[in-house]
Amino acid sequence: MFSWANKDGKKKDPELFQTVSDGLKRLYRTKLFPLEDTYRFHDFHSPALEDADFDNKPMVLLVGQYSTGKTTFIRHLMEQDFPGMRIGPEPTTDSFIAVMYGEQEGLIPGNALVVDPKKPFRKLNAFGNAFLNRFVCAQMPNAVLDSISIIDTPGILSGEKQRISRGYDFAAVLEWFAERVDRIILLFDAHKLDISDEFSEVIRALKNHEDKMRVVLNKADQIGTQQLMRVYGALMWSLGKIVNTPEVIRVYIGSFWAQPLLVPDNRKLFEAEEQDLFRDIQGLPRNAALRKLNDLIKRARLAKVQAYIISALKKEMPNVFGKENKKKELIANLGEIYAKIEKEHQISPGDFPKLSKMQEVLAGQDFTKFQGLKPKLLEAVEDMLANDIAKLMTLVRQEEAAMPSQSVQGGAFEGTMNGPFGHGYGEGASEGIDELEWIVAKDKPTYDEIFYTLSPVNGKVSGAMAKKEMVKSKLPNNVLGKIWKLADVDKDGYLDDEEFALANHLIKVKLEGHELPADLPDHLVPPSKRGL
């Protein structure tokens with residue numbers, strides 16, 4: 001059992017939490033929610049959190065224009081069709097589909113889904129029937145879904161008519177999901193890089209969640225290497241104009257489906273990219289508690305700023321006459337109020353909500369019902385951020401240590417690890433793993449010629465003599481030191497002809513861009529040293 005206690009004698013008795021999730025729920029209910037409720041946080045930003053938000057599995061949100069392969073990507077991960085799945089070159093997925101684990105395969109419609117307390121979707125009720133009629137949950141028993149849930153979204157369209165005809169605020173729904181998911185994957189088609197107005201709006205709605213974002217350039221097997229370079233550059237240029245971050249968003253290139261590659265020239269690149277993306281997704285269950293903790297901290301910081309803004313507006317309102325005119329004046333001068341709060345309370349400008357959105361929501365609010373500043377509520381949140389969160393962080397580490405092997409299993413994640421088709425199998429240091437003959441032997445005559453120019457004594461060369469030859473590779477000393485350690489199999493401080501050949505083989509492996517093994521693989525051990 002994990003536990004932490006508040007040792008401050010002036011406070012309540014120590015609280016005991018069995019899990020991080022339990023701790024987050026209690027902290028939110030007792031310390032953060034009262035502040036949110038008092039200063040109308042839920043009207044301006046995000047609905048209140050429920051227990052299911054803290055208990056649910058990690059979620060992956062797929063976003064992209066129509067026919068970029070979002071649904072196919074999900075099918076590729078699970079290696080199985082899911083209920084409600086439709087794939088085609090035209091806009092086919094017209095609904096939000098939450099693909100989740102369930103013992104029985106089937107579909108749960110949106111209106112039934114938002115009343116289920118065990119599902120983290122109850123607050124989506126606020127988007128009305130137009131959205132709920134386009135929201136379903138596909139449940140099925142699948143090993144991948146045992147660890148994560150996946151949200152498929154309608155293809156993003158171009159043009160004003162299609163955007164309005166949805167009947168609900170598409171960007172707002174995506175923003176709601178973005179706050180709660182662990183990973184956001186933006187998919188692009190290598191033949192369709194134009195970013196429509198609606199797509200630009202969507203990406204901007206995901207602002208403040210750039211840390212969760214990954215970009216996939218899909219269907220990259222349909223073009224050659226030269227075209228791929230140009231497409232990649234064009235995509236990075238387009239993203240740079242919309243995503244305002246100093247860092248470049250990670251882009252994964254590949255063909256994420258189980259069909260033959262149309263242009264197989266870049267197979268190795270696609271394999272490496274897929275492995276990187278899979279590793280990123282597989283780490284989500286292990287980091288889920290930390291992500292929820294991080295999101296609660298972000299929410300608490302925004303709630304504090306909300307409290308300062310609302311209380312400042314309340315303070316400026318007249319008691320009797322001219323309330324409506326004063327309200328319009330305050331909304332118009334909201335930027336000045338921001339600057340005043342920033343200076344008075346030492347708050348970072350990045351913690352403030354978007355000015356135009358805040359002004360828009362304030363226009364429909366009754367300022368006379370706003371609350372003044374209540375220091376006790378703010379102190380409770382400050383205490384949570386300063387003390388409670390630090391103690392929960394310790395719990396996170398303990399939980400991670402107790403579940404070190406927790407990762408996504410099944411589906412495509414298994415296929416990339418099987419037999420000789422695991423990434424890097426038979427390449428670099430793994431070359432020759434299945435061969436009866438020692439792989440170094442084919443180049444040994446060349447290495448022997450060099451070996452005998454170094455004047456070996458008793459069939460061996462010293463470290464100093466070997467160094468003169470090895471440094472010609474121009475590899476850094478730390479790499480050459482590792483190669484020496486691997487090649488000196490009998491650990492006598494000298495290299496015989498086989499060990500010298502092995503050292504040169506490892507240098508070649510490194511120069512070809514492969515990583516060195518931590519320990520010498522059995523198939524690379526020189527024949528005369530086997531069985532030592």
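Colleague: What makes Ala466, Glu469 and Met470 in helix H19 (residues 463–470) count as buried?

Modeller: In this predicted model, a residue is called buried if its relative accessible area is under 20%. Ala466, Glu469 and Met470 are buried in H19, so each of them falls under that cut-off.

Colleague: How do you know that the buried residues of H19 line one face of the helix?

Modeller: Seen down the axis of H19, the buried residues fall within an arc of 95°, so they share one face. As a general point, an α-helix has 3.6 residues a turn, so residues three or four places apart point the same way.

Colleague: Which exposed residues sit on the face of H19 turned away from the buried side?

Modeller: That face carries Ala464, Lys467 and Lys468. Exposed means over 50% relative accessible area, and these three residues are classed as exposed.

Colleague: What covers the buried residues of H19?

Modeller: The cover includes helices H18 (444–453), H20 (477–487) and H21 (497–511). Strands S9 (460–462) and S10 (494–496) are also part of that cover.

Colleague: What makes strand S2 (residues 96–101) mostly covered?

Modeller: Five of the six residues of S2 are buried.

Colleague: How do you know that S2 pairs with strand S4 (residues 135–140) and with S5?

Modeller: Pairing needs at least two bridges. S2 and S4 have six bridges, in the parallel sense, and Phe96 stands opposite Phe135 in S4. S2 and S5 have three, in the antiparallel sense, with Val99 opposite Ile150 in S5. Both counts meet the cut-off, so both are pairs.

Colleague: Which residues have the most contacts inside the largest nonpolar core?

Modeller: They are Phe96, Phe121, Phe177, Phe188 and Leu217, in a core of 49 residues. Helix H8 (residues 170–180) gives the most to this core, with six residues. Apart from it lies another core of 44 residues, among them Ala300, Ala307, Met317 and Leu330.

Colleague: What does Phe121 touch, leaving out residues up to four places away in sequence?

Modeller: Its contacts include Met59, Ala98, Met100, Phe135, Ile151, Trp176 and Phe177.

Colleague: Which elements have the lowest and the highest mean pLDDT?

Modeller: Helix H7 (residues 160–164) has the lowest, 50, and strand S5 (residues 149–152) the highest, 94. Over residues 1–15 the pLDDT is below 50, although this stretch has 28 contacts in the model beyond near neighbours in sequence. Where pLDDT is low, the predicted coordinates should not be read in detail. For the protein, the mean pLDDT is 84, and 90% of the residues reach 70 or more.

Note on methods:
Residues are numbered from 1 along each chain as its sequence is written. This is a predicted model: local features need pLDDT of at least 70, side-chain atom pairs count only at pLDDT 80 or more; totals for chains, interfaces and linings use all residues. Side-chain values use heavy atoms; hydrogens and water are left out. pLDDT is the predictor's confidence in each residue, from 0 to 100. Helices (H or I, at least four residues) and strands (E, at least two) are DSSP runs, numbered from the N terminus. Contact means heavy atoms within 4.5 Å. A nonpolar core is a set of buried Ala, Val, Leu, Ile, Met, Phe, Trp, Tyr and Cys residues joined through side-chain atoms within 4.5 Å. Buried means under 20% relative accessible area, exposed over 50%, partly exposed in between (1.4 Å probe, protein chains only). The arc is that of the directions from the helix axis to the C-beta atoms.
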